[in-house]
Amino acid sequence: MKQYIYADNAATTQLDPQAFEAMIPWLRDEYGNASQPYSFSRKPKKAIAEARAVIAECINADPEEIYFTSGGTESDNWAIKGSAFSDSGHHATITSQIEHHAVLHSCEATERIGYPVAYLPADEEGRILPETLDRYISDRTRLVSVMTANNEIGTIQDIAGLADIAHAHGAMFHTDAVQAVGHIPIDVKALDVDMLSASAHKFNGPRGIGFLYIRKGIKVCPFMDGGGQENKNRAGTENTAAIVGMSIALMNNTQNMRNTSDSIRSLENLLITKLIEEGLVFRRNGANTLPGLISLSFQNSNGEMLLHRMDLKGICISTGSACNGSSDEISHVLQAIHLPDEYAKGTIRISLGKHNTESEILKITESLKQILMPK
Ligand code: PLP
């Protein structure tokens with residue numbers, strides 16, 4: 001198999017080997033449906049309960065507040081549409097202009113059927129300021145949804161400050177923490193959020209599984225109709241293997257978070273220092289960013305071209321988020337932070353993970369130099 005330098009960890013991550021091992025028995029031998037009453041199903045049922053408890057502990061929630069979903073997209077859809085559909089008064093949702101499309105398009109879907117939505121502007125670093133929310137919010141607001149950290153530029157938001165304002169107006173607060181969970185400390189009680197979305201494949205778990213944290217007492221309609229799984233809130237036969245794999249991956253990432261983020265930060269610093277030493281001129285987007293998430297804009301360049309030229313050198317990076325990686329348009333996030341066009345068009349996202357090495361960073365910087373400053 002061709003060896004790649006994988007520097008697109010915000011798109012997805014490599015599966016934790018322990019998570020992989022832990023999944024095998026549930027795929028091969030213990031295939032019982034966890035909802036069945038016979039003894040063959042007891043083990044998967046117990047494994048799911050244990051995984052729920054592990055995940056809850058990692059984010060300081062109670063196990064009954066964790067609902068398994070198919071990933072970040074479903075969790076976001078559920079939070080936005082579920083809260084709208086449980087509200088006959090058609091109160092407003094407030095979200096931000098820089099959310100992932102899973103949130104934005106869910107909001108647009110509710111808007112089309114009569115639920116008003118307002119979109120908060122970001123500042124030039126991609127911050128959603130609490131004072132901005134304060135200007136937009138009213139007692140007619142039902143839900144505020146602001147992401148914990150942005151997937152394109154990495155800016156981490158003041159979630160506790162935003163949630164405080166939402167609650168002061170009697171609104172619920174949801175955060176899309178898909179890029180943050182497993183990478184920075186997340187404590188749902190300290191953040192005081194009512195709902196939080198997460199996705200396993202962003203923290204070295206398997207793809208196609210995630211969860212929505214719903215604080216006890218919060219009213220949201222079930223999103224998937226069908227059987228009585230997840231305490232009658234999310235129908236569908238449980239994916240035992242994926243749930244177990246997700247819990248192991250999150251536990252490992254949480255236990256090693258300090259060391260991992262320190263070493264990713266030093267790779268990040270090395271990358272920036274080397275680019276400057278090589279004489280490359282660029283802007284770095286975002287502020288107070290996630291470890292390893294590096295959005296760089298090269299003036300009068302072309303992000304798409306850079307992605308393909310890096311690909312020819314066996315290096316995986318992104319132009320923006322994975323979801324619009326093939327589009328020529330300037331992403332909604334770069335537009336929202338008012339990045340001038342001559343920079344926005346030349347933007348790439350390098351996202352480092354725990355498997356990257358110093359020698360890979362040197363190959364990345366050397367390759368960028370060869371492409372951008374040919375001799
Ligand atoms: N929210 C954010 C911030 C993301 O970065 C992503 C994926 O890129 C999603 C939601 C969607 O998650 P999933 O791929 O698990 O559906």
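This is a predicted model: local features need pLDDT of at least 70, side-chain atom pairs count only at pLDDT 80 or more; totals for chains, interfaces and linings use all residues.
Colleague: OK, what's the strand order in the seven-stranded sheet?

Modeller: That open sheet runs β2-β8-β7-β6-β5-β3-β4, with mixed pairing. Strands here are DSSP runs of E, at least two residues, and helices are runs of H or I, at least four residues, numbered from the N terminus. Two strands pair if DSSP finds at least two bridges between them.

Colleague: Which strands are at the edges?

Modeller: β2 (66–69) and β4 (117–120), each pairing on one side only. From one strand to the next, the twist averages 20°.

Colleague: How many bridges link β2 and β8?

Modeller: Four, in the antiparallel sense, with β8 covering residues 210–214. Tyrosine 67 stands opposite leucine 212 in β8.

Colleague: And which strands does helix α4 lie across?

Modeller: α4 (residues 101–112) lies across β3 (92–96), β4, β5 (141–145) and β6 (172–176), at about 150° to β4. Contact means heavy atoms within 4.5 Å. Axes are lines fitted to C-alpha atoms, for helices over the stretch in contact, and angles run from 0 to 180 degrees between N-to-C directions.

Colleague: Switching to the ligand, how many residues surround it?

Modeller: 13, and the closest are Thr73, Asp176, Gln179, Ser199 and Lys202. A residue counts as near if one of its heavy atoms lies within 4 Å. Helix α3 (residues 72–85) gives the largest share of that shell, three residues.

Colleague: What are the distances from threonine 73 and glutamine 179 to the ligand?

Modeller: A polar side-chain atom of threonine 73 lies 2.6 Å from a ligand oxygen, and a side-chain N or O atom of glutamine 179 is 2.8 Å from an oxygen atom of the ligand. For histidine 201, a side-chain N or O atom is 2.9 Å from a ligand oxygen.

Colleague: Last one: what's the order in the three-stranded sheet?

Modeller: β9-β10-β12, an open sheet with antiparallel pairing. β9 (283–285) and β12 (347–351) each have a single partner strand, so one side of each is left without a neighbour in the sheet. The twist there averages 30° from one strand to the next.

Key:
Residues are numbered from 1 along each chain as its sequence is written. Side-chain values use heavy atoms; hydrogens and water are left out. A polar contact is a pair of N or O atoms within 3.5 Å; within protein, one must be able to donate a hydrogen and the other to accept it, and residues adjacent in sequence count only if both atoms are side-chain atoms.
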